Amino acid sequence: MEGPLPLQQRASSRRSKDRFVVFAFAAAELLVETDLRGVISFAEGAFRARFGRVAEDFIGQPVISLVAPSDRPAFATALALLSEHGRLKPAVIKLADEEASAFSVAGLKLGDSAAKLALTFAPLPRELPGGPLPGGPGLASMAEEILRSGAPGGPVGFLELTGPSGRFVPGGEVNREIQEELNRQAGEGAVATELAAGRYGLLPGQTPLDLPTLTSAVAEILKDRGVNDVSVGAMAVGLEAEGLSPVQATRALRFALAAFARGGNDALEKAGFAGGLAGFLDSASERASVLRRSIAERRFRMAFQPIVSIADREPHHFEALIRPLQADDSAMSHPGEFVALAEAVGLTEELDWAVVSAVCEAAGAAGGTRVACNLSGLSLQSPKFREDMKTLLENTPGMAERLVVEITETAEIEQEHEAVRMIELLREHKIPVCLDDFGAGAAAFRYLRAFKVDYVKVDGIYVANALQSERDRGFIAAMVDLARTVGAQVVAERIETEEEAALMLELGVRYGQGYLFGKPKMELAVRKAGQTWQEEK
């Protein structure tokens with residue numbers, strides 16, 4: 001074994017590192033070194049001036065914590081590409097300081113076996129428009145980042161337009177003006193979005209939420225456009241969730257967004273959200289017992305939507321989508337709320353298992369047609385769920401030709417080593433694995449490194465914006481590049497026009513899903529005798 005370096009050589013090494021630091025700070029304000037997981041091992045620079053804490057306080061912290069929540073998914077993409085390709089060219093991000101300062105970040109990968117990532121953060125002489133990183137996450141993703149980080153934030157504001165006969169749906173130009181006004185009033189760092197026609201959500205940024213002013217501004221727009229007899233209702237749901245874990249809080253938030261999109265402010269109040277996220281969970285016990293019976297008695301059906309090869313439109317496989325059977329106007333009738341409620345009240349594993357069983361039965365009856373079922377992060381990391389899945393696969397011959405598993409981000413995966421064991425079990429039985437909603441949250445990039453997957457599915461928000469947004473096109477191209485480095489193919493969801501399909505092909509996306517190729521149907525297409533579907537990656 002080699003001994004320690006001679007004194008002269010060690011001194012030279014220290015001088016080289018000192019010189020590296022000097023050169024780096026000639027253009028940068030912050031200098032950070034991390035491992036491949038993004039955990040900071042070295043930090044120097046103006047940390048106290050920017051964050052009110054000395055550099056040493058950040059050792060052992062994730063480097064993504066230096067970045068504003070709205071830019072964290074983009075920054076996670078940049079880190080993943082840096083890990084794979086060895087270099088990150090200068091790109092624009094915002095820091096997580098009080099001013100959300102616009103900075104340029106660049107990086108290099110150092111070493112091979114025990115690799116490190118070296119990152120420099122430099123202030124811009126002025127904030128540049130656009131940039132190579134994608135737009136920030138939607139309202140849900142940004143709020144969930146706040147909840148998981150434990151940082152103060154919120155409340156989330158909800159605005160609803162109501163006319164004499166119920167919900168009012170504004171025309172295209174009026175709707176555009178309303179969203180522009182919400183963004184203007186909310187200020188720097190805020191996210192305003194249309195959650196459903198005539199229903200808007202708002203997460204404040206640097207400026208505190210002022211719902212009376214916002215509602216007055218929206219009402220004025222309607223009045224100026226000659227829209228009368230329409231009221232603007234508002235409600236705030238606090239993100240403070242004392243006594244709840246970050247995972248519990250994010251589950252409750254997802255249910256709030258789904259409930260508002262379906263039923264407006266009345267649905268929020270009925271679900272208990274007038275008391276914030278904790279208020280909802282306090283009132284959810286009755287719903288939990290009803291939902292448990294619905295799952296046990298399989299009061300749902302599966303609808304099947306094709307995923308096709310974009311180039312020739314040949315079906316590759318189908319995704320199974322849950323459709324509750326209840327006919328009343330409750331949360332039990334709407335797929336998004338049905339799943340979000342199961343997640344919020346702790347019934348995710350039961351629902352996932354019922355869905356897996358139903359999908360296996362449908363795929364078996366369809367002569368080997370391959371079907372994808374969604375598996376939540378909670379079930380993926382559950383040892384009991386893994387053992388049940390192992391028993392099912394061992395007792396059901398031919399399942400490798402029938403099943404695809406899509407990993408959803410419906411819950412943060414906290415026991416990553418358990419999730420890896422589930423992935424290994426699926427691959428052992430030759431079942432393809434897809435990472436769903438890729439790009440919707442920063443966690444997906446960590447999962448891509450930790451899990452061996454066959455497909456990644458680009459979140460539909462990027463597809464919907466790609467024709468108009470150079471940033472979103474760049475993000476999709478980066479995701480395609482990143483997926484290829486780990487041997488995976490890309491599926492783009494929510495493709496609704498030929499223009500979107502052509503653009504996805506141009507960006508390197510191979511498979512597509514959306515109304516352009518087929519709406520979900522209750523009947524599953526049966527593979528014809530002798531028919532061979534594409535399986536190569």
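Ile307, His317, Val404, Glu406, Cys434, Tyr455, Lys457 and Val491 line the largest cavity. Here a cavity is a set of points, on a 1 Å grid over the protein atoms alone, where a 1.4 Å probe fits but cannot get out, and lining residues have an atom within 4 Å of a point. Two elements, β14 (403–407) and β16 (455–458), each give two or more residues to this lining. Helices (H or I, at least four residues) and strands (E, at least two) are DSSP runs, numbered from the N terminus.

How much space lies in the largest cavity? About 30 Å³, where a volume is the space filled by probe spheres set on the grid points, and those points are joined across faces, edges and corners. Searching the whole structure for cavities of 30 Å³ or more turns up one. Rolling a probe the size of a water molecule over the atoms shows where empty space is left.

## What you're looking at

This is a predicted model, in which local features need pLDDT of at least 70 and side-chain atom pairs count only at pLDDT 80 or more, while totals for chains, interfaces and linings use all residues. Residues are numbered from 1 along each chain as its sequence is written, and side-chain values use heavy atoms, with hydrogens and water left out.

## The whole protein

The protein has 18 helices and 18 strands. Of its 537 residues, 52% are buried; that means under 20% relative accessible area, while exposed is over 50% and partly exposed is in between (1.4 Å probe, protein chains only).

The accessible surface comes to about 24100 Å², and carbon and sulfur atoms hold 50% of it. Such areas come from the Shrake-Rupley method with a 1.4 Å probe, and for residues only the protein chains shown count as cover. Now take the contacts (heavy atoms within 4.5 Å): of those with a separation of 6 or more, 67% are between residues 24 or more positions apart.

## Rings that meet

Rings of Phe, Tyr and Trp (its six-membered ring) pair if their centres lie within 6.5 Å; planes under 30 degrees apart are stacked, over 60 edge-to-face, and the rest tilted. That rule gives eight aromatic pairs. One of them is Phe47 with Phe58, a tilted pair with 5.0 Å centre to centre and 40° between the planes. Why does this pair tie together parts that are 11 residues apart in sequence? Because Phe47 lies in helix α2 (residues 47–51), whereas Phe58 is in the loop between α2 and α3 (72–85).

Arg53 lies over the face of Phe58, 4.4 Å from the ring centre; a charge counts as over a ring if NZ of Lys or CZ of Arg is within 6 Å of the ring centre and within 35 degrees of the ring normal.

## Some loop residues

Most residues other than glycine have a negative phi. Arg313, though, has a positive phi near 65°. Where is Arg313 found? In the loop between β11 (300–309) and β12 (315–324), where Arg313 is partly exposed at 34%. Lys430, also not a glycine, has a positive phi of about 60°. Lys430 sits in the loop between α14 (416–428) and β15 (433–438) and is exposed at 65%.

Glu98 is in the loop between β3 (87–94) and β4 (102–110). Is Glu98 buried or exposed? With a relative accessible area of 68%, Glu98 is exposed. The C-alpha atoms of Glu98 and Arg50 are separated by 8.1 Å, and the two residues are 48 residues apart along the chain.

Technical notes. On a 1 Å grid over the protein atoms alone, a cavity is a set of points where a 1.4 Å probe fits but cannot get out, and a pocket is an open set with protein on both sides within 12 Å along at least five of seven lines; lining residues have an atom within 4 Å of a point.
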